[in-house]
Amino acid sequence: MTRTLVKVCGCNTPEAVDAAVDAGADYIGLVHFEPSPRHVTLDDAKRLRARIPPETKVVLLLVNQQPVPTAMAVDAIRPDVVQFHGGETAEWLGLLKQNVTQALWKAIGVRSADSLDSALRFKGAVDRLLYDAAPGVLPGGNGVAIDWTLLRDFRHQLPWGLAGGLTPENVAEAIRVSGTELVDASSGLESSPGVKDPGRIRAFVEAARNA
Ligand SMILES: O=C(O)c1ccccc1NCC(=O)[C@H](O)[C@H](O)COP(=O)(O)O
């Protein structure tokens with residue numbers, strides 16, 4: 001049985017970061033996007049990053065940033081992964097990939113099977129695709145699930161992960177149906193928007209591990 005990788009996204013306080021580390025998350029996401037209730041400034045992100053041990057990987061989330069702010073954020077935080085959650089193009093990400101040491105992930109808003117076909121344009125430009133719900137109020141973190149069967153039936157050509165509306169209650173079923181090797185959750189682990197619940201973080205990691 002393969003071990004499912006777990007990302008806890010939108011950790012914006014020391015308590016949330018510590019809960020995700022203690023629960024054994026593989027990845028912790030720091031959202032640097034002002035409109036989000038989970039937004040962290042670069043200074044805050046630096047402080048949070050300093051609490052995360054090397055065995056837990058740090059994912060910095062950016063949305064439609066220009067090249068200079070992107071470089072500044074990456075230099076300041078030194079994440080292990082940079083996740084792009086906007087309309088970034090394959091061409092631009094391909095260029096960026098040649099200039100940074102971090103792994104690059106691209107979030108794909110899934111509406112239908114066509115979304116998966118069209119995401120193949122990122123092959124060679126990024127290291128992983130993260131299938132999520134199509135943008136709603138925010139580009140991500142909306143708590144909306146996608147059709148997991150689309151992923152099960154697709155011939156994947158890149159490493160990938162599943163996000164969108166995952167919770168401690170549904171993650172085992174999501175893994176079973178989609179066949180994903182990585183799950184990512186944010187709002188389903190909160191008591192209110194932007195407020196992570198340590199108990200739900202623990203329950204999510206445990207449920208994913210036991211799936
Ligand atoms: O979480 C946010 O507020 C956010 C804002 C803007 C872009 C991306 C954002 N989150 C990205 C993530 O990777 C989330 O974990 C993913 O969208 C799933 O969110 P949810 O459906 O709430 O579990």
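Tutor: Let's begin with one residue. Asn64 is exposed because 12 other C-beta atoms lie within 10 Å; a residue is exposed with 12 or fewer such neighbours, buried with 20 or more, and partly exposed in between, with C-beta atoms placed from the backbone. This is a predicted model, where local features need pLDDT of at least 70 and side-chain atom pairs count only at pLDDT 80 or more, while totals for chains, interfaces and linings use all residues. Residues are numbered from 1 along each chain as its sequence is written.

Student: Where is Asn64?

Tutor: Asn64 sits in the loop between β3 (57–62) and α3 (67–77). Helices (H or I, at least four residues) and strands (E, at least two) are DSSP runs, numbered from the N terminus.

Student: What should I look for in the backbone there?

Tutor: Look at phi. Most residues other than glycine have a negative phi. Asn64 has a positive phi of about 50° although it is not a glycine. Arg78, also not a glycine, has a positive phi of about 50°. Arg78 belongs to the loop between α3 and β4 (81–84), and it counts as exposed because 12 other C-beta atoms lie within 10 Å.

Student: How many helices and strands does the chain have?

Tutor: The chain has 8 helices and 10 strands. Its radius of gyration is 16 Å, close to the 17 Å that the globule rule gives for 211 residues, so the chain is as compact as a globular protein of that length. That radius is taken over C-alpha atoms, and the rule is 2.2 Å times the number of residues to the power 0.38. Along its principal axes, the C-alpha trace spans about 40 × 40 × 35 Å.

Student: What share of the chain is buried?

Tutor: Buried residues make up 41% of the 211 residues. In soluble globular proteins, nonpolar side chains tend to be buried together. Here the largest nonpolar core has 56 residues, and those with the most contacts inside it are Val8, Ala20, Ile28, Leu30, Tyr131 and Val183. Such a core is a set of buried Ala, Val, Leu, Ile, Met, Phe, Trp, Tyr and Cys residues joined through C-beta atoms within 7 Å.

Student: Which residues is Ile28 in contact with?

Tutor: Two residues are in contact if their C-beta atoms, placed from the backbone, lie within 7 Å. Leaving aside neighbours within four places in sequence, the partners of Ile28 include Val8, Ala20 and Ile52.

Student: What does Val21 touch?

Tutor: Val21, in helix α1 (residues 14–23), touches Ile52, Pro53 and Thr56, not counting residues up to four places away in sequence. The C-alpha atoms of Val21 and Ile52 are 7.0 Å apart, although 31 residues separate them along the chain. Val21 is partly exposed, with 18 other C-beta atoms within 10 Å.
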